[in-house]
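Here is a short briefing on one protein chain. Look over the sequence and the fold before reading on.

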Amino acid sequence: MTSEVTVRWLGTNAWEVTGNGATVLVDPYVSRTYTGATKPGQFDPETPIAIDEAAIDEHIGAADSILITHAHFDHIADVPYVAERTGATVLGTETHLNLLRAMGAPAEQLSLVAGGELYQFEGYAVEVFRSSHGVTGKHKSLLFPGTRPGEAPRKPEKIKDLVEGGSLAYLVDFGGVSLYFNAVPSFHEQEVAGIRPTVLFMQGANRNYPDYEERLFAAVGSPPYVIPTHWDDYEEPLNEPAVDLFGGAALGEQVALHSPDSQFVLLDHLESFTIEG
Ligand SMILES: [Zn+2]
């Protein structure tokens with residue numbers, strides 16, 4: 001089966017993937033609320049959650065599925081609005097979905113996953129993997145840790161209310177072209193070993209993990225394409241060139257070193273790339 005899949009980067013970890021007449025969104029977040037997160041000493045966890053509907057309408061069109069990797073503000077704050085407007089199915093953990101419910105997302109569109117699921121949609125299949133969020137510092141600290149099991153919590157008002165809620169990774173297979181999202185330094189090596197994506201979306205290095213890039217390339221078989229994600233200063237405008245804050249370009253050196261047969265594709269804000277199957 002031949003297929004053609006186009007990916008477009010919406011900044012942060014937000015991706016639009018189109019193929020076989022279908023559209024899949026990963027962590028669609030374009031509001032880019034200023035929180036100080038990318039400026040040392042400036043981060044304000046009390047920043048109110050604010051969504052920029054005009055930006056969402058400008059950058060996000062139709063969608064069939066929305067895949068949530070975790071529930072931090074720069075991943076899910078826009079999802080209730082996007083889900084409502086598109087009617088897309090939203091995949092996430094119990095916590096992700098409870099937070100989305102609390103923010104008014106359409107309950108009937110929410111699909112609970114935990115890792116291990118393999119679902120067929122019209123034009124593509126989605127396989128779900130468990131993952132872990134990256135940690136920072138000497139004590140391996142996680143930003144806004146925690147879960148919200150059971151009933152939906154009170155409505156999240158501040159960015160600190162959007163707890164991580166577990167992390168997931170996704171393999172999206174259009175038949176001939178497959179894409180693996182949420183390749184983070186704490187990827188679950190044993191669980192993804194053996195998958196063979198056409199395109200690997202991955203984050204830059206993190207000193208809390210040994211040989212991240214080498215181990216990941218080995219686990220997923222040095223894919224034809226490697227695309228860095230979540231490397232921009234996501235509080236700078238999406239309509240301007242990305243500011244490389246988290247090792248986007250540097251990842252290219254790691255690819256050349258450890259996976260030389262892979263093509264490194266560094267996309268700028270709103271840029272697209274088409275993969276032929
Ligand atoms: Zn996060």
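How many bridges join β11 to strand β12, and in which sense do the two run, parallel or antiparallel? Four bridges join them, and the strands run parallel. The model is predicted. The points below go from the whole chain to single residues.

**Overall build**
- The chain holds seven helices and 14 strands.
- For 277 residues, a compact globule would have a radius of gyration near 19 Å; the chain has 17 Å, which agrees.
- The C-alpha trace spans about 50 × 45 × 35 Å along its principal axes.
- Of the 277 residues, 55% are buried.
- Among contacts with a separation of 6 or more, 65% link residues 24 or more positions apart.

**Surface and charge**
- The accessible surface is about 11500 Å².
- Carbon and sulfur atoms supply 49% of that surface.
- There are 16 positive and 39 negative side chains.
- The centres of the two charge sets lie 10 Å apart.

**Strand β1 and its two partners**
- β1 covers residues 4-9 and β14 covers residues 272-276.
- These two strands pair in the antiparallel sense over five bridges.
- In this pairing, Glu4 stands opposite Glu276 in β14.
- β1 also pairs with β2 (residues 15-19), again antiparallel, through four bridges.
- Here Thr6 stands opposite Thr18 in β2.
- β1 and β2 form a hairpin with five residues between the strands.
- Gly11 in that hairpin takes a positive phi near 80°.

**Strand β11, covered on both faces**
- β11 runs over residues 199-202.
- Val199 and Phe201 are buried on one side.
- β10 (residues 178-183) joins β11 through three bridges, and the two run parallel.
- Leu179 stands opposite Val199 in β11.
- The parallel partner β12 spans residues 225-228.
- Within β12, Pro228 is the bridge partner of Met202.

**Helix α3, largely enclosed**
- Why is helix α3 (residues 79-86) described as largely enclosed by the rest of the structure? Six of its eight residues are buried, so the helix is largely enclosed.
- The buried residues are Val79, Pro80, Tyr81, Val82, Ala83 and Thr86.
- Gly87 follows α3 and has a positive phi, near 75°.

- Lys140 sits in the loop between β8 (124-131) and β9 (167-173).
- The relative accessible area of Lys140 is 47%, so this residue counts as partly exposed.
- Asp211 has a positive phi of about 50° and is not a glycine either.
- The loop between β11 and α6 (212-220) holds Asp211.

Definitions and conventions: Residues numbered from 1 in each chain as written. Predicted model: local features only at pLDDT ≥ 70, side-chain atom pairs only at ≥ 80, totals over all residues. Heavy atoms only, no water. Rg over C-alpha atoms; globule rule 2.2 N^0.38 Å. Buried < 20%, exposed > 50% of the residue type's maximum accessible area, 1.4 Å probe, protein only. Contact = heavy atoms within 4.5 Å. Areas by Shrake-Rupley, 256 points an atom, 1.4 Å probe, with all protein chains shown as cover. Lys, Arg positive; Asp, Glu negative; His and termini not counted. Charge placed at Lys NZ, Arg CZ, Asp CG, Glu CD. Pairing = 2+ DSSP bridges.
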